[in-house]
Amino acid sequence: MKEHRQENISSFVTVKSEEQGAQVGMLELLVEGASCGSCVRKIERALLAIPGVESAEMNFAQRTVSVTGNVEASALIKAVEKAGYNAKLTAIESEDDALKEKEKADQVYYKRLVKETWIALSLGIPLMAYALITGEVNVNTTTERIAWLIVGILTFGVLYFSGKHFFVGAWKSFLNHSANMDTLIALGTGTAWLYSMVVVFFPGSVPDQARHVYFEATAIIIGLIDLGLALEIKARGRTSDAIKRLIGLQAKTARVVRDGKELDIAIDQVLIDDVVRVRPGEKIPVDGEVIEGHTAIDESMLTGEPMPVEKSQGDTIAAGTINKSGSILFKATRVGKDTALAQIINMVKRAQNSKPPIGRLADVISAYFVPVVMIIAVISALTWLNFGPEPAVAFAIVSATTVLIIACPCALGLATPMSVMVGVGKAAEAGVLIRNGEALQMASKISAMVLDKTGTITLGAPKVTDVLVAGEHDQQSVLRLAATLESGSEHPLAMAIVESAKDRGIETGKVSNFNAIAGHGVQAEVEGKTLLFGNEKLMHERNIYLGTFIEKAQSLASDAKTPMYFAVDNQLAAIIAVADPIKEDSIAAIKRLQHNGIRVVMLTGDNRATAKAVAEKAGIKEFFAEVLPEEKSKKVQELQMEGEVVGMTGDGINDAPALAIANVGFAIGTGTDVAIESADITLMRGSLHGLADAIAVSKATLRNIKQNLFGAFIYNVAGVPFAAGVLYPFLGMLLNPVIAGAAMAFSSLTVVTNANRLRLFKAQEH
């Protein structure tokens, strides 16, 4: 168990480093000026149009865009600017510094919005109070007109100081032949202000009943929307808590041994092959291999594994974990952005920036929603002008302005990324690393879970339990020959035989003409003898007589042991039985999956009897035994053809094709790099409870996204008819633009708050 937990983090590091190498052309841009979901689609399309760009995904909540491909950063920035927005490259090497820079920028923006809010509301609230107290707004006399002209100029000052960014954004969108949230706000407030100024300058051109100014509405709408944006920034900052905690695990300094002296240096000055000392209670600064000492390491912050792991000479350790007891010396093997922790942070960030299919749908809706709303506003105004009561002009202005303001789809753009950020962060805290948004969404739909046996349900560290010899052979000679034959193999069963020989003090010899027979076993020559080692099929193919040993093998298999036949010069020499114990919590985790309505199926290359015994012990009703590596993916496809959404969980190279073809592939973090690279979700510890946790987080996140989308979309769709005046014929009521502004502003805050509820989510105790 210890060995496999030691491989856990190092395996992950290797594959992530390779993946990072493949992602040389991956850049992240910070975007300014994006105001709603329609901006997201426009920016992504502008970037995707650049030759060499493979993918571009914008996280509206973070205002960042992740771009992959072979392209210059300057070309990306130019494309974003051409689309009407500002962009810059995140060039800071340290994740901690990058996060601090973003928080600082958010803080500056927040203070600016608060200031703009006060400027707008300090004018708008007294004006509204005056209108409510007097009950009328007169612009008949010269004195009244001068007074309202001064108010109009002050309101223009509000539009400039507090609402300038809306008008700039709207103008840029206009130049790019598109429309966004800024367009709606600028049109709504700008129209209200212009109409009010016409009333002030040319009162005679407006019917008596329509001589009303809307300066208070203009100022308050700008103030409320700025307030909503400020509160949104404050609330969405909490969604980065998972990244902050991961970054907080990084040590700031390291104590290295150079020229016989111990020196405390900054973490970024540690070099590969440096010898580093870590004392009890200190964080491991970089990844490495223990060269002296013995200790217990707390890896819970990376793997979710609560128990400290014993470490001694030759064992690997990872940055961010905590040395609990002894003092150790280790050699640095990975530093900087190559450490396991840095790669985990990178993976979590990329997953948070990715978009599930449901999020892409929201972006598409937003892109079409704004132009549709503008058309509705025009139709509403024309309807009031032609069929409404007097003052028809005033009714037309109010309805059009209210429609434009209430329909702003900023909440729609926030609905998905906010939930994804929190959900991926919660999963990371549980030791579950989700590669992308699509996997996050699909995991919630899994109806069948396929589990590999060895290393997934079982420990993957088998031991030799029985050696039943035939003829004149003895256990010592059989184990020596078998261990020699298997000494070059990395198969778990082969390693068990080699370990068993070592434990008995048996030395191995030299092997020649080694040949692996896929799905059957191995063949080689040792000391001039031809050796065969494998399953019953191999023995039958070579016409080796097994006799009563078939029954003995079946008896061993019924006890969840794996019997393997060993033949010397085409004569049966022995059966060597190996048992791979079921993990302590596999049975409980499988019950948990089944309790949640998931069909659990086991796949194994082992013989049927052994597979049946393990399946019965684990509580699995369906299993497929003696499955060749290439057949595993076919079994997954068969389940998919039955209508199942299939999750595949494995840890070996032979699981990679099945992991890739499954709807969602889960790699056990203790497994091979190839398996992890082929999977959509990586479980950093070997426990199958990670599966149930991942599915639970996925369902909670998708539920949260749907709540957000429903709230935001229904709010927009339902609000538009009321804003247009559908209730007026029945109740004589027309929605006030100020109420629309307040509702629009706080709808975004509601979405952000609902997404943050996910932070309270807890998976079932186990």
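Predicted model: local features only at pLDDT ≥ 70, side-chain atom pairs only at ≥ 80, totals over all residues.
**Entry 1: salt bridges overall**

Side chains of opposite charge can pair when their charged atoms come close. I then took individual pairs in turn.

**Entry 2: Asp466 and Lys561**

I looked up the pair Asp466 and Lys561, whose side chains form a salt bridge with an N to O distance of 3.1 Å. I noted where each partner sits: Asp466 belongs to strand β16 (residues 463-469), and Lys561 belongs to strand β20 (residues 561-568). The two are 95 residues apart, and the pair thus links distant parts of the chain.

**Entry 3: Arg599 and Glu622**

My next pair was Arg599 with Glu622, a salt bridge in which the closest N and O atoms are 2.7 Å apart. Arg599 has 23% relative accessibility and counts as partly exposed. Glu622, at 28% relative accessibility, also counts as partly exposed.

**Entry 4: Glu638 and Lys635**

I then turned to a pair within one helix. The side chains of Glu638 and Lys635 meet in a salt bridge at 4.0 Å, N to O. Both residues lie in helix α23 (residues 629-641); because they are 3 residues apart there, about one helical turn separates them. For Glu638 I noted 39% relative accessibility, which means that this residue counts as partly exposed. Lys635 is partly exposed too, its relative accessible area being 21%.

I also followed salt bridges that share partners, and found Arg255, Glu262, Asp264 and Arg277 joined into one network.

**Entry 5: helices α13 and α26**

Finally I examined the packing of helix α13 (residues 392-406) against helix α26 (residues 689-724). Their axes are 8 Å apart, and the angle between the helices is about 170°. Angles over 145 degrees count as roughly antiparallel, so α13 is roughly antiparallel to α26.

Which residues of α13 meet α26? I listed Ser399, Thr402, Val403 and Ile406. On the α26 side, the residues in the contact are Tyr715, Asn716, Gly719, Val720, Ala723 and Ala724. I sorted the residues of this contact by type and recorded 6 nonpolar, 4 polar and no charged.

Note on methods. Residues numbered from 1 in each chain as written. Heavy atoms only, no water. Helix = DSSP H or I, 4+ residues; strand = E, 2+ residues; numbered from the N terminus. Buried < 20%, exposed > 50% of the residue type's maximum accessible area, 1.4 Å probe, protein only. Axes fitted to C-alpha atoms, helices over the stretch in contact; angles between N-to-C directions. Parallel < 35°, antiparallel > 145°, perpendicular 65-115°, else oblique. Contact = heavy atoms within 4.5 Å. Nonpolar A, V, L, I, M, F, W, Y, C, P; charged D, E, K, R; others polar.
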